[in-house]
Amino acid sequence: MQPLADIVQHLPVGAIIYHQPRNHYYRIMYKTMIKKDGGGWEYGWSYQEVKPVQQIHDEIVYELDEGAEVYSRPFSLFDSDWLLAY
């Protein structure tokens with residue numbers, strides 16, 4: 001797995017990311033803009049939790065729970081706790 005901090009702005013939609021402290025996987029959904037406290041806007045990602053369900057050769061198949069919450073996070077908050085899983 002690769003740290004996200006340096007590549008977060010260049011992730012493709014559909015990428016699977018991993019949050020180490022929670023031990024959860026998420027699928028990148030779409031780029032979004034998030035309002036800053038002091039005014040202005042910052043780009044970020046919307047993402048939704050997925051569950052690894054099956055491994056086929058060297059790839060893992062993930063299942064999306066359609067009822068799962070959709071989260072948004074600015075690029076700047078994807079710190080060292082976040083990794084690119086696939």
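Contact is taken here to mean heavy atoms within 4.5 Å. The structure is a predicted model, in which local features need pLDDT of at least 70, side-chain atom pairs count only at pLDDT 80 or more, and totals for chains, interfaces and linings use all residues. Residues are numbered from 1 along each chain as its sequence is written, and side-chain values use heavy atoms, with hydrogens and water left out.

The chain contains zero helices and seven strands (DSSP runs numbered from the N terminus, with helices being H or I of at least four residues and strands E of at least two). The order of elements from the N terminus is β-β-β-β-β-β-β. The C-alpha trace spans about 45 × 30 × 25 Å along its principal axes. The radius of gyration, taken over C-alpha atoms, is compared with a globule rule of 2.2 Å times the number of residues to the power 0.38. For 86 residues a compact globule would have a value near 12 Å, and the 13 Å of the chain agrees with this. Among contacts with a separation of 6 or more, 50% join residues 24 or more positions apart.

The chain exposes about 5,800 Å², of which carbon and sulfur atoms supply 48%; accessible areas come from the Shrake-Rupley method with a 1.4 Å probe, and for residues only the protein chains shown count as cover. Of the 86 residues, 31% count as buried (under 20% relative accessible area, with exposed meaning over 50% and partly exposed in between, for a 1.4 Å probe and protein chains only). The side chains include 7 positive and 12 negative ones, and the centres of the two sets lie 8 Å apart. In this count Lys and Arg are positive and Asp and Glu negative, without His and the chain ends, and each charge is placed at NZ of Lys, CZ of Arg, CG of Asp or CD of Glu.

In soluble globular proteins, nonpolar side chains tend to be buried together. A nonpolar core is defined as a set of buried Ala, Val, Leu, Ile, Met, Phe, Trp, Tyr and Cys residues joined through side-chain atoms within 4.5 Å. The largest such core has 13 residues, of which L4, L11, I17, I28, W45, F78 and W82 touch the most other members. Two or more residues of this core are given by each of β3 (24–35), β4 (41–56) and β7 (82–84). Apart from it lies another core of six residues, including I16, Y25, Y62 and L83.

Beyond its neighbours within four places in sequence, I28 is in contact with L11, P12, V13, G14, A15, I17, W45, S46 and Y47. With the same exclusion, G14 touches R27 and I28. G14 is found in the loop between β1 (2–3) and β2 (16–19) and is partly exposed, at a relative accessible area of 34%.

H19 is placed in strand β2 and is buried, with a relative accessible area of 10%. Not counting residues up to four places away, H19 touches H24, Y26, D81 and W82. In the loop between β2 and β3 lies N23, which has a positive phi of about 60° although it is not a glycine.

Y62 belongs to strand β5 (residues 59–64) and counts as buried at 12% relative accessibility. Outside four places in sequence, Y62 touches I16, Y25, R27, V50, K51, P52, V53 and A85. The C-alpha atoms of Y62 and M33 are separated by 26 Å, the two residues being 29 apart along the chain.
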